[in-house]
Amino acid sequence: MKTALIDLLRSDLQTGGYTTDAVAERLGLEAEEALGREHTVPAARVLDDRRRHGRRDSLDVLVDLFLLARGVDRGDVDAAFPSLGPEGARELGLLTATHVSEVEVWTATLDVHPYAFSDDHGDGHWWILSDLGERALGGALPEDHVLGVGGASLTLAGITVPTRVGTVLDLGTGCGIQALHASRSADRVIATDISQRAVDLARANARLNGIDTIEVRLGNLFEPVAGERFDRIVTNPPFVITPRTDGVPLYDYRDGGMVGDALVEAVVRGCAEHLLPGGTAQMLGNWEYTRASDGLSRIGGWVDGLGLDAWVVEREHLDPAFYAETWIRDGGTRPGMAEFDALSGAWLDDFEDRGVTGVGFGFVTLHRPAADRDPVVRLERATGTLETAGLGSHIARCVATVDWAAGLSDDELASHALVVAPDVTVEHHLLPGHDEPTAILLRQGQGFRRAISAGTGLAALVGASDGTLGVGAILAAIAHLLEVDADALAAETIPDVRRLLADGILLPA
């Protein structure tokens with residue numbers, strides 16, 4: 001890794017003011033939103049107008065090169081890279097020069113995107129090096145393509161538990177975006193990838209952004225960390241289910257080389273071997289629905305016997321045809337192209353031969369209890385709108401609360417006082433002219449934004465949970481008011497209390 005050249009690049013990006021806010025201000029709302037849809041013409045018109053009026057500067061050049069994939073002249077390169085220079089940019093593999101009608105034209109050979117974020121530690125900004133996308137390449141992606149920051153990256157970053165830990169493993173790091181995020185809350189991060197190109201880019205991104213607590217290792221899955229255990233594991237593994245058929249491209253960033261969802265199963269089981277007591281692993285994944293098994297039930301089988309708490313949230317369920325089209329498009333092949341029909345046929349043949357009826361997508365949180373107890377496994381579908389940015393703090397509270405409650409018997413739990421989470425409201429729905437509600441809903445304003453139906457006893461318990469009295473004492477008072485048996489009410493209600501604790505609606509006082 002040419003660290004000196006990367007340091008010069010960082011200096012030039014800083015000097016050019018190449019940030020998300022500066023780009024947005026330069027392009028304006030309309031052009032920026034169009035660029036987010038891969039429509040570059042409005043942004044190009046803004047920059048061309050600035051050139052005509054003699055206002056072109058280094059930020060314009062950086063946007064042209066890396067966001068619009070347009071060529072620039074040597075004078076532009078000199079202006080945008082005063083420290084690195086044209087030859088340094090060429091040596092770094094950042095730019096290349098060709099001659100078009102005897103005119104020297106410089107174009108990007110790597111993508112450099114500004115990336116802004118906000119997390120529990122505050123606001124931040126990085127630059128992310130990755131491979132050029134299909135628009136810049138003008139065709140399908142090469143199989144060793146290294147992605148930049150995409151939707152899956154943002155989802156995983158949003159759901160990752162943000163509490164401070166000693167060590168984090170980023171398994172399958174790609175360009176290194178999860179390792180960068182992990183460095184915000186860890187003393188040390190180990191990032192691994194099977195792709196040498198990904199390893200090189202992840203190292204470059206750590207250096208480019210001045211982060212020295214990340215170590216990047218080459219190797220397959222957990223092989224580079226054999227015998228090591230971690231406080232936290234984060235992974236966006238190559239989980240795409242791709243047919244093992246001649247003529248079907250296998251991309252390093254998404255295809256794990258195993259049949260079906262076997263790679264996701266291998267990662268789940270590997271996490272169990274590499275988590276310290278009290279440690280947490282979080283991952284994205286696909287899992288198959290077959291004629292013989294339900295997708296969530298399959299994952300339940302994977303975690304059985306591992307000794308881990310598991311929380312699986314399925315966000316989508318795709319039919320085989322739609323799934324195949326999604327990932328064929330992802331590789332740069334479009335309907336109407338000769339290759340599309342052949343690839344689609346290969347995908348659907350594979351699904352049919354193996355009895356696959358659909359594919360689920362979602363995220364998995366695993367937790368190794370510090371104490372010896374039975375694990376808690378939770379499998380659910382949450383396919384509605386869900387804001388994942390910042391969800392990690394909510395997941396952290398839920399994981400910790402489940403860990404606490406699972407170590408208590410029902411009698412012990414009943415002795416504890418609870419409080420209602422500050423984002424929870426209680427809704428009473430009444431028919432006109434009636435005093436008694438026909439429905440009571442506990443509505444969560446943050447996290448998963450759940451709306452949970454509660455009976456009279458549970459609603460009364462929630463209303464009285466202000467941290468003063470224990471659950472058992474509150475239930476005894478409610479039983480007296482309702483004129484019902486206190487033991488029966490407690491037996492009926494305590495399982496619901498555990499669920500509300502797991503949902504983050506009730507919290508330990």
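This is a predicted model: local features need pLDDT of at least 70, side-chain atom pairs count only at pLDDT 80 or more; totals for chains, interfaces and linings use all residues.
**Ala 421**

Leaving aside neighbours within four places in sequence, Ala 421 touches Gly 504, Ile 505 and Leu 507. I placed Ala 421 in the loop between strand S13 (417-420) and strand S14 (424-429). Its relative accessible area is 5%, so I noted Ala 421 as buried. I also checked the spacing to Gln 444, which is 23 residues away along the chain. The two C-alpha atoms are separated by 8.5 Å.

**Ser 185**

Next I turned to Ser 185, in the loop between helix H10 (177-182) and strand S6 (186-193). Is Ser 185 buried or exposed? Ser 185 counts as buried, at 5% relative accessibility. I then listed its contacts, leaving aside neighbours within four places in sequence. They are His 121, Pro 162, Thr 163, Arg 164, Val 165 and Arg 232.

**Positive phi**

I noted Leu 221, which is not a glycine but has a positive phi of about 50 degrees. Leu 221 sits in the loop between strand S7 (214-218) and strand S8 (230-235). Arg 449 is not a glycine either, and its phi is positive, at about 50 degrees. I found Arg 449 in the loop between strand S15 (439-444) and strand S16 (451-453). Its relative accessibility is 53%, so Arg 449 counts as exposed.

**Helices H2 and H5**

I looked at how helix H2 (residues 20-27) packs with helix H5 (residues 58-66). Their axes come within 11 Å and cross at roughly 95 degrees. I therefore recorded H2 as roughly perpendicular to H5. Which residues meet here? From H2 I listed Ala 22, Val 23, Arg 26 and Leu 27. From H5 the partners are Leu 59, Asp 60 and Val 63.

**Salt bridges**

I searched the whole structure and got 40 salt bridges.

The side chains of Arg 74 and Glu 104 form a salt bridge at 4.0 Å, N to O. Arg 74 is in helix H6 (residues 74-80) and Glu 104 in strand S2 (residues 103-108). The pair links distant parts of the chain, 30 residues apart. Arg 74 is partly exposed, at 32% relative accessible area. Glu 104 is partly exposed at 25%.

The side chains of Arg 217 and Glu 228 meet in a salt bridge at 2.6 Å, N to O. Arg 217 lies in strand S7 and Glu 228 in the loop between S7 and S8, so the bridge ties together parts 11 residues apart in sequence. I noted Arg 217 as buried, at 17% relative accessibility. Glu 228 is partly exposed, at 22%.

For Arg 381 and Asp 294 I read a salt bridge of 2.9 Å, N to O. Arg 381 is in strand S12 (residues 377-381), while Asp 294 is in the loop between strand S9 (275-290) and helix H13 (295-303). The pair therefore ties together parts 87 residues apart in sequence. Arg 381 is partly exposed at 45% relative accessibility. Asp 294 is partly exposed, with 29%.

I then traced a network of salt bridges. It links Asp 48, Arg 51, Arg 56, Asp 64, Arg 70 and Asp 76.

**Nonpolar patch**

Leu 481, Leu 482 and Val 484 make a nonpolar patch of about 290 Å². Val 484 lies in the loop between helix H19 (471-482) and helix H20 (486-503). Its relative accessible area is 39%, so I logged Val 484 as partly exposed.

Methods
Residues are numbered from 1 along each chain as its sequence is written. Side-chain values use heavy atoms; hydrogens and water are left out. Patches are made of residues with over 30% relative accessible area and no salt bridge: like charges are joined within 9 Å, nonpolar side chains (Val, Leu, Ile, Met, Phe, Trp, Tyr) within 5 Å. Accessible areas come from the Shrake-Rupley method with a 1.4 Å probe; for residues, only the protein chains shown count as cover. Helices (H or I, at least four residues) and strands (E, at least two) are DSSP runs, numbered from the N terminus. Buried means under 20% relative accessible area, exposed over 50%, partly exposed in between (1.4 Å probe, protein chains only). Axes are lines fitted to C-alpha atoms, for helices over the stretch in contact, and angles run from 0 to 180 degrees between N-to-C directions. Angles under 35 degrees count as roughly parallel, over 145 as roughly antiparallel, 65 to 115 as roughly perpendicular and the rest as oblique. Contact means heavy atoms within 4.5 Å.
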